[in-house]
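Q: I am new to this structure and would like to learn how to read its features one by one. Could we begin with the pairing of strands?

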Amino acid sequence: MSAHSLQKISQIGVPVVNLNRAVFFYKETLGLPLLFQTDRMAFFDLNGLRIMLSPPEKEEFAHPSSVLYFQVEDIRGAYEELSSKDVIFTGTPHIVTKMDNIETWMAFFHDSEGNTMALVSEVEI
């Protein structure tokens, strides 16, 4: 691997309409640690991956983000906890694939800005 090779994703930018509302959702509802916030951006830490929330700088960037998949150990427990915080899911946790002795479960929801997110859990059977 050369010094010019891609190594890892260090930050994901998520477009938001209302920064303060989004900060509340990611900090209080999802429980992500807020690294810092400015008047136009907020940065959260997810085990070394930074999530940057900001309003789009240009109209060409004003679209929903890619789907973020949050890995959890207990998808049903996470689903119940977030549902109790008024997170709106598009469905209940369900199996999306089974490979050998591993089932992959997902449950999709929207953040406060309309971006699609998902919980994902790999369960050994």
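Q: In which sense do β5 and strand β8 pair, and over how many bridges?

A: Two strands pair if DSSP finds at least two bridges between them, and strands (E, at least two residues) as well as helices (H or I, at least four residues) are DSSP runs, numbered from the N terminus. Here β5 and strand β8 (residues 116–124) pair in the parallel sense over 4 bridges, and within this pairing Y69 stands opposite A118 in β8. This is a predicted model, in which local features need pLDDT of at least 70 and side-chain atom pairs count only at pLDDT 80 or more, whereas totals for chains, interfaces and linings use all residues. Residues are numbered from 1 along each chain as its sequence is written, and side-chain values use heavy atoms, with hydrogens and water left out.

Q: How many salt bridges does the structure hold, and which residue pairs with E113?

A: A salt bridge is a side-chain nitrogen of Lys or Arg within 4 Å of a carboxyl oxygen of Asp or Glu, and the structure holds 2 of them. In one, E113 is joined to R21, with the closest N and O atoms 2.7 Å apart. E113 lies in the loop between β7 and β8 and R21 in helix α1 (residues 19–29), so the pair ties together parts that are 92 residues apart in sequence. In the other, E81 is joined to K85, with the closest N and O atoms 3.6 Å apart.

Q: Is E113 buried or exposed?

A: Buried means under 20% relative accessible area, exposed over 50%, and partly exposed in between (1.4 Å probe, protein chains only). E113 has 13% relative accessibility and therefore counts as buried, while R21, at 40%, counts as partly exposed.
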